[in-house]
Number of protein chains: 2
Amino acid sequence: MSSTAERSAERRAPLTRGRVLESAVELADTAGIDALTIRRIAERLGVEPMSLYYHVRNKEAILDGAVELVFTEVEQASGGFAVPETDAAWKSSLRTRILAARTVMLRHPWAPGVIDSRTDLGLATARYVDSVVGTLRSGGLSYDLIHHAMHALGSRMFGFTQELGEPDDESGDAAVMEQMAAQVPHLAAMLAVVRHVDPDSTLGWCDDQFEFEFGLDLILDGLERLTRADRPRPARS
Amino acid sequence: MSSTAERSAERRAPLTRGRVLESAVELADTAGIDALTIRRIAERLGVEPMSLYYHVRNKEAILDGAVELVFTEVEQASGGFAVPETDAAWKSSLRTRILAARTVMLRHPWAPGVIDSRTDLGLATARYVDSVVGTLRSGGLSYDLIHHAMHALGSRMFGFTQELGEPDDESGDAAVMEQMAAQVPHLAAMLAVVRHVDPDSTLGWCDDQFEFEFGLDLILDGLERLTRADRPRPARS
DNA sequence: ACCTGAACACCGTTCAAGT
DNA sequence: ACCTGAACACCGTTCAAGT
């Protein structure tokens, strides 16, 4: 039987959970999240679709695992998740870590959406979050304020923000601009001023580095101000 | 032929684009976004699946339309999208409008995800965004700052924020807590303090009204500060 | 003009079976 | 222990056809 050309078990490394997840990430990176199907992962691995089920429970588990791989990358990009015992520069330290997460997300444009659809945190993700909490704590913020801070940061904590698409259509057209000016005058006026449509930004409308950092700093500065206001009395627990 | 019981055309109002979209919204509200399929919408309307294609181009168009219905509700809840010519109280005015959007989103838990997946704005959505731009402008912010502000607000502008699920599992368990304390000590410490797990919040982890308003106000206050700093020189058009 | 039936090319997943 | 084949219950969508 070793003569049949179709035998795949020996011309391929054995299937493992790890290889399935890596393959899933690569597929999503190259072909997009819609192409991430059990059947296409199997095809990529030179294996029958049903074989995957021996190594992962179902598709959700593959998505969970893919997110875990992403946060493993974040850990590397971040030079580990160590939190200094005491850190006066919590703000810049946190800023750097979040921007590191962002560079990883830019490599995996599908990640924001998938992260967002997860119901619970895996270990790698939780360890990242833990490092954020720890860094804020090192800055003397109370756990209550830290909690609020993390809600305020939202997905920005993971290096991305969700934005909405552009107004309807090819807005180079003069007729379209005219119609926009009639229907949404304020929006049209703003676009006329800021017009920096950026089709390369895979994370959404104009979501380039500058805008991300602007929003991030607005929040971090606000938190710093709140901490200072809190300083007179000791940080709660 | 009028004797056959299966004739549906006369016992049902005629199919229209509007009825399709309303039906889609109701279905998503009651059965969840995963249940929103062409086939189930048709079933609900007492019609064959293929009939829908006469009134809408495809499923994406249905999702587009459903979002438009949501923002029509936002307009009603907001008492219209009028923008005052001049408004010293831009901050409270914007705050109120965004919180109105939020109450609508809470009625349609599927909306955040769908909104997020749209590639371009429909008219109703654009008119909402326009009213936000207009309100900020009435407060004297420059269009540049308004642009940054809208990125900073992100999905909060639409009344929601994306958050991540809870750490792994049933964290009432003492053994689980112990393991968490070992693996993610800072996170565990925070949770021990703030523990207000809210399973009813359909918009995500602890994303209750308070946290939403905290984050919103952090941003609005930051913007206000930036505007004041900008005041000496005239607002850049 | 409006709706339908049959068919196509996909999904994720089960279950019993192979080696 | 690890992989597979056949089958099931779904999808969205096309196309030609009915009334």
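**A tour of the aromatic rings**

Begin by selecting Tyr128(B), which at 0% relative accessibility counts as buried, a term that stands for under 20% relative accessible area, computed with a 1.4 Å probe on protein chains only. The model is predicted, so local features need pLDDT of at least 70 and side-chain atom pairs count only at pLDDT 80 or more, while totals for chains, interfaces and linings use all residues. Residues are numbered from 1 along each chain as its sequence is written, chains are lettered from A in the order in which they are written, and side-chain values use heavy atoms, with hydrogens and water left out.

Rings of Phe, Tyr and Trp (its six-membered ring) pair if their centres lie within 6.5 Å, and planes under 30 degrees apart count as stacked, over 60 as edge-to-face and the rest as tilted. Because Tyr128(B) lies in helix α6 and Phe158(B) in the loop between α7 (143-153) and β2 (166-167) of chain B, the pair ties together parts that are 30 residues apart in sequence. Helices (H or I, at least four residues) and strands (E, at least two) are DSSP runs, numbered from the N terminus. Phe158(B) is itself buried, with a relative accessible area of 4%.

Next, move to chain A, where ring pairs link Phe71(A), Phe81(A), Tyr128(A) and Phe158(A) into a cluster.

Finally, return to chain B and select Arg102(B), whose charged end sits over the ring of Phe212(B), 4.6 Å from its centre; this requires NZ of Lys or CZ of Arg within 6 Å of the ring centre and within 35 degrees of the ring normal.

Key:
Buried < 20%, exposed > 50% of the residue type's maximum accessible area, 1.4 Å probe, protein only.
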